[in-house]
Amino acid sequence: MIRPYLSSEIKQRVRQAAQHRCGYCLSPQHLVMGRLQIEHLIPLAKGGTNEESNLWLACSLCNAYKADLTEAIDPQTGEMVSLFNPRFQNWFEHFEWTNDGLRVVGLTPIGRATVMALHLDSDLDAIMVRSWWVEAGWHPPTC
Ligand SMILES: [Zn+2]
C-alpha cells in the first residue's frame with residue numbers, strides 16, 4: 001500500500017497533541033530508542049485516512065502489536081470491543097499501572113481488550129525497561 005504523504009507540520013502537531021509519548025503504554029519519547037511512530041488509529045488498510053484526527057503516536061512495540069487491529073476481545077466478557085483510542089479517550093479511565101509500575105491493567109472492556117491485544121501486561125522487553133525506569137524514579141506516569 002502506498003502511504004499518502006504526511007507533512008512535517010501535521011507530524012509535529014500530532015507529536016505535541018500526544019505529549020511526545022506512546023498513546024498506549026505512555027512511554028515518553030525521551031526514554032525510548034528511536035522516534036515514536038505516527039500511527040493510524042483506523043489503519044489505512046481498513047479505510048482510515050491521513051486526517052490528523054486519525055493520527056496519534058505509538059512506540060514501536062505497541063504499533064507492531066496493534067498492526068491493523070481496531071477491535072479485540074475483552075477477556076472478561078468474551079465480547080469484541082473497540083481498541084482504546086488515545087486521541088479521544090482518557091488513558092486513566094481505561095487503564096491503571098500495577099503497584100510495581102511494570103504492567104498495565106485494563107479497567108474497562110476497552111482497556112482489557114487493548115491490554116491483551118497490545119501485550120501491555122506481558123511484553124517482557126517492556127517490563128524489563130520499565131523496571132529500570134521505576135528504579136530511576138521516572139515511571140509510572142500519573143497523568
Ligand atoms: Zn507503547
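## The nonpolar core

A nonpolar core is a set of buried Ala, Val, Leu, Ile, Met, Phe, Trp, Tyr and Cys residues joined through C-beta atoms within 7 Å, where buried means that 20 or more other C-beta atoms, placed from the backbone, lie within 10 Å of a residue's own. This is a predicted model, in which local features need pLDDT of at least 70 and side-chain atom pairs count only at pLDDT 80 or more, while totals for chains, interfaces and linings use all residues. Residues are numbered from 1 along each chain as its sequence is written.

The largest nonpolar core holds 27 residues, and those touching the most other members are Cys 22, Tyr 24, Cys 25, Ala 58 and Cys 62. Two or more residues each are given to this core by β2 (55-58), α2 (60-66) and α4 (109-118), with helices (H or I, at least four residues) and strands (E, at least two) taken as DSSP runs numbered from the N terminus. The largest share, five residues, comes from α4.

## Tyr 24 and Phe 84

Beyond its neighbours within four places in sequence, Tyr 24 is in contact (C-beta atoms, placed from the backbone, within 7 Å) with Ala 58, Cys 62, Phe 84, Pro 86, Thr 114, Leu 118 and Leu 120.

Phe 84 lies in the loop between β4 (80-82) and α3 (91-94), and Phe 84 counts as buried because 27 other C-beta atoms are within 10 Å. With neighbours within four places in sequence again left aside, the contacts of Phe 84 include Tyr 24, His 94 and Ile 110.

## The end of α5

Just after α5, Gly 137 takes a positive phi of about 85°.

Note on methods:
A residue is buried if 20 or more other C-beta atoms lie within 10 Å of its own, exposed if 12 or fewer, and partly exposed in between; C-beta atoms are placed from the backbone. Two residues are in contact if their C-beta atoms, placed from the backbone, lie within 7 Å.
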